Amino acid sequence: PANVYGPYDNFGEWSMVIPSLIKKGFENDVIEVWGDGSPIRDIVYSEDVARGMIYMVENKIAEPINLGSGTGVTIKEIAEIIGEYFGKEIKWDTTKPMGDTKRLMNMKKANFYGFRPQVSLKDGITKTIVLVTGAAGLCGTATVKKLLQMNNCNVIGTTYNRRTLDVTHDKLSIVKLDLMSYDNCNEIMKDIDIVIHCAAFSGGAGLQDEYQIDLFRNNAVMS
């Protein structure tokens, strides 16, 4: 496949361009991008890749097939979508390397067999579900309110006990989640794109087991 992005992406040190810029959008006032934005990349949403692989199997196509968008998009276009999404300014660092000028998949064979991606770049980036743990706490409540003010993502807030969140919004869902239960945490993570971890790692509702800690830290934009 081409450059794949979507749920369960890597927001860590070695993340690709889209998760890297999303992380910067969450954490910084200004999104800094290497180069001048002119390089062209082939970006494809993970659901389209999965659908493409299933399509090839179901149609018994037993030869190498490229799965991508087939249409290039510049780094500048990607950065502008994410900058608009977060309401953040873009800063270009032209002293840094930009990589190859153009990387684009040849999709003629996939198109010949009847497969075309369905999710546009903007739709894929904005199809975001953010999980805020400890949503009823001081930091969690402030984070949830800020996300809802942005009005460009769906938010799931978690609480542990009877504490409630004095916020209502059509893009907000509140669930009771025991962070001590790996099964519960693993289940809710199936539909989550980004975690903002505001609950304590230790204490009454905190994470005690290294597996729970890794589950959230590996998907967290910040914790």
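Here are some questions and answers about the structure above. It is a predicted model: local features need pLDDT of at least 70, side-chain atom pairs count only at pLDDT 80 or more, and totals for chains, interfaces and linings use all residues. Residues are numbered from 1 along each chain as its sequence is written, and side-chain values use heavy atoms, with hydrogens and water left out.

User: Is Thr 158 buried or exposed?

Analyst: Thr 158 sits in strand S8, residues 154-159 (helices, H or I with at least four residues, and strands, E with at least two, are DSSP runs numbered from the N terminus). The scale here is relative accessible area: under 20% is buried, over 50% is exposed, and in between is partly exposed, with a 1.4 Å probe and protein chains only. Thr 158 comes out at 2%, so call it buried.

User: The backbone nitrogen of which residue lies 3.3 Å from a polar atom of the Thr 158 side chain?

Analyst: Start with what Thr 158 touches, contact being heavy atoms within 4.5 Å. Leaving aside neighbours within four places in sequence, the contacts include Leu 131, Val 132, Thr 133, Gly 134, Val 175 and Leu 177. Among these, the residue whose backbone nitrogen is 3.3 Å from a polar atom of the Thr 158 side chain is Gly 134.

User: How many disulfides does the count come to?

Analyst: A disulfide is a covalent bond between the sulfur atoms of two cysteines, and the rule used here wants the two sulfurs within 2.5 Å. The sulfur of Cys 139 has its closest cysteine sulfur in Cys 198, 6.0 Å away, so that is too far for a bond. As for the surface, Cys 139 is exposed at 52% and Cys 198 is partly exposed at 25%. By this rule, the number of disulfides is zero.

User: Which residue's side chain meets that of Lys 109 in a salt bridge?

Analyst: Side chains of opposite charge can pair when their charged atoms come close. A salt bridge here is a side-chain nitrogen of Lys or Arg within 4 Å of a carboxyl oxygen of Asp or Glu, and the structure holds five. For Lys 109, the N to O distance is 3.2 Å and the partner is Glu 63.

User: How many residues apart in sequence are the parts that Lys 109 and Glu 63 tie together?

Analyst: The Lys 109 and Glu 63 side chains form a salt bridge, and both residues are partly exposed, Lys 109 at 37% and Glu 63 at 32%. Lys 109 lies in helix H4 (residues 108-112), while Glu 63 is in the loop between helix H2 (46-58) and strand S5 (73-74), so the separation in sequence is 46 residues.

User: How far apart are the closest N and O atoms of Arg 103 and Asp 100?

Analyst: Both of these residues are partly exposed, with Arg 103 at 39% and Asp 100 at 44%. They form a salt bridge, and the closest N and O atoms are apart by 3.1 Å.

User: In S6, which residue is the bridge partner of Val 33?

Analyst: On S2, Ile 31 and Val 33 make up the covered face, and Val 30, Glu 32 and Trp 34 the uncovered one. Two strands pair if DSSP finds at least two bridges between them; S2 and strand S6 (residues 89-93) run parallel and are joined by five. Across from Val 33, the S6 partner is Trp 92.

Note on methods
Polar contact = N/O pair within 3.5 Å; in protein donor to acceptor, adjacent residues only side chain to side chain.
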